[in-house]
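Me: I have a structure open and would like to learn how to read its features one at a time. Could you walk me through it?

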Amino acid sequence: MKWRIADFIVIGVVFLSALLIWLYPALSETGATATITQDGVSQTVSLEKDLEIALENATVKIKDSRISITDARCPDLVCVKTGEISREGQSIVCVPNKIVITVGKSHEIDAISN
Amino acid sequence: MKKYLFLPLLIILCACSPHPEKQTSFAMDTVMDFTVYNAEISPLVELVNEYDAIFSPTRSDSELSTYNEGNFSQNEIFTDLLEKAEFYRKKTNGAFDHTLGDLIDLWNVGEVPANDAIETAKGGDKVNLSAIVKGAVSDALVAHLNRSASSSAIISLGGNIVAFGSKPDGKPWIVGIRDPKGDSNAYLGTVGVSDKFVVSSGDYERFFEKDGVRYHHILDGSTGFPAKSDLRGVTIIADNGTLSDVYSTALFVMGYEKALEFWKNSNDFEAIFVFDDKVVVTEGVPDFKLTNKEYSYEVAYR
């Protein structure tokens, strides 16, 4: 039984598809909600509905299950430059305005007992 | 084609991928969050819905409603839980009381009822099992998971946490303990648990305010009013979901002194007592970490 190039291609393809199937949920998973915190006060919003939220000195936009800060009054606009986020665990931070937006639940804990 | 014998192996490897199934459902007037590894979620959701259909106080066709109309029940799930509720009512000296249905209905309106209405409702015996049914269904969920291939799941039944097994990496589940002063995402500390139920009760959950007074949803049968507890919240950690659910309510109603005494005389649960600015953690609470430094914390010993 001789190994031919075609065999290695088959093995390669199988391995690659296995890897893709394995990674797919992590790559494509979108959090259904985001938590927006400004100066310690937080609200949870659904990403399913398009929405614009006016915060103090900043505007948050939800469109097509993605959330972003579209406008902010701060010197460096790091938050605006972060762009849109949608995957669980991603976040946008605006330090001057004390804003943190996190998609999905915090990764430090698995659940909250309340 | 013998050389492709490894293919099934790869398929098995794919099937072992560590991605959980997740689902959110609404039942019992609250949100249920399921994260389950290596087992189907739908039977779990169905189980919760089954209990909801039996024990719903608002559905006129529930077993509970039928029972409250004076009909005898032959539903085993119902009669079992009714029996357990009676057992716990005696055991907690009425701090947990499933016969406060009339009072609960009265306060549910969202206004302070008239005194004579409260007196009348106190005399009522309408059954409401809402303070025990999530515990009962969480035990049923674990029984189901024990028969499945899963060794890892975390489920939140409106904040009642079922930490089944451990995380897929073998580490304990990290469960946040609600900060009564923060929003519903805020936690003051965490515990690390495997195969435990973590259930909390507090004055922050369902309440209304009138003239600067907070009227929360945990009623004291002896006064007919929301329990005047010195505690803001109580968390119970135990191997039994029904017990955890009942005791979180009962110990809140008891207040700290009696609750601590109750814990000292028991050996089947641990507790976290949350005051306005302090947390008391019983000695057996697994891996407690205070994350909100506005609180001080101490350990209670038996």
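Me: Where does B:Thr291 fall: buried, exposed or partly exposed?

Reply: Buried means under 20% relative accessible area, exposed over 50%, and partly exposed in between, with a 1.4 Å probe and protein chains only. B:Thr291 has a relative accessible area of 41%, so B:Thr291 is partly exposed. This is a predicted model, where local features need pLDDT of at least 70, side-chain atom pairs count only at pLDDT 80 or more, and totals for chains, interfaces and linings use all residues. Residues are numbered from 1 along each chain as its sequence is written, chains are lettered from A and ligands numbered from 1 in the order written, and side-chain values use heavy atoms, without hydrogens and water.

Me: Which residues is B:Thr291 in contact with, leaving aside neighbours within four places in sequence?

Reply: Contact means heavy atoms within 4.5 Å. For B:Thr291, the partners are B:Tyr187, B:Leu188 and B:Gly189. B:Thr291 itself is in the loop between strand S15 (289-290) and strand S16 (296-300) of chain B; strands (E, at least two residues) and helices (H or I, at least four) are DSSP runs, numbered from the N terminus.

Me: How many aromatic pairs are there over all chains?

Reply: Rings of Phe, Tyr and Trp (its six-membered ring) pair if their centres lie within 6.5 Å; planes under 30 degrees apart are stacked, over 60 edge-to-face and the rest tilted. The whole structure holds 16 such pairs over all chains. Take B:Tyr247 and B:Phe269: their ring centres are 5.0 Å apart and their planes at 70 degrees, so they are edge-to-face. This pair links distant parts of the chain, 22 residues apart, with B:Tyr247 in helix H8 (residues 241-254) and B:Phe269 in the loop between helix H9 (256-264) and strand S13 (270-274) of chain B. Both residues are buried. Ring pairs also join B:Tyr247 and B:Phe269 with B:Phe87, B:Tyr88 and B:Phe262 in a cluster.

Me: At what angle do helix H4 (residues 76-91) of chain B and H8(B) pack?

Reply: Axes are lines fitted to C-alpha atoms, for helices over the stretch in contact, and angles run from 0 to 180 degrees between N-to-C directions. Here the angle is about 45 degrees, with the axes of H4(B) and H8(B) 11 Å apart.
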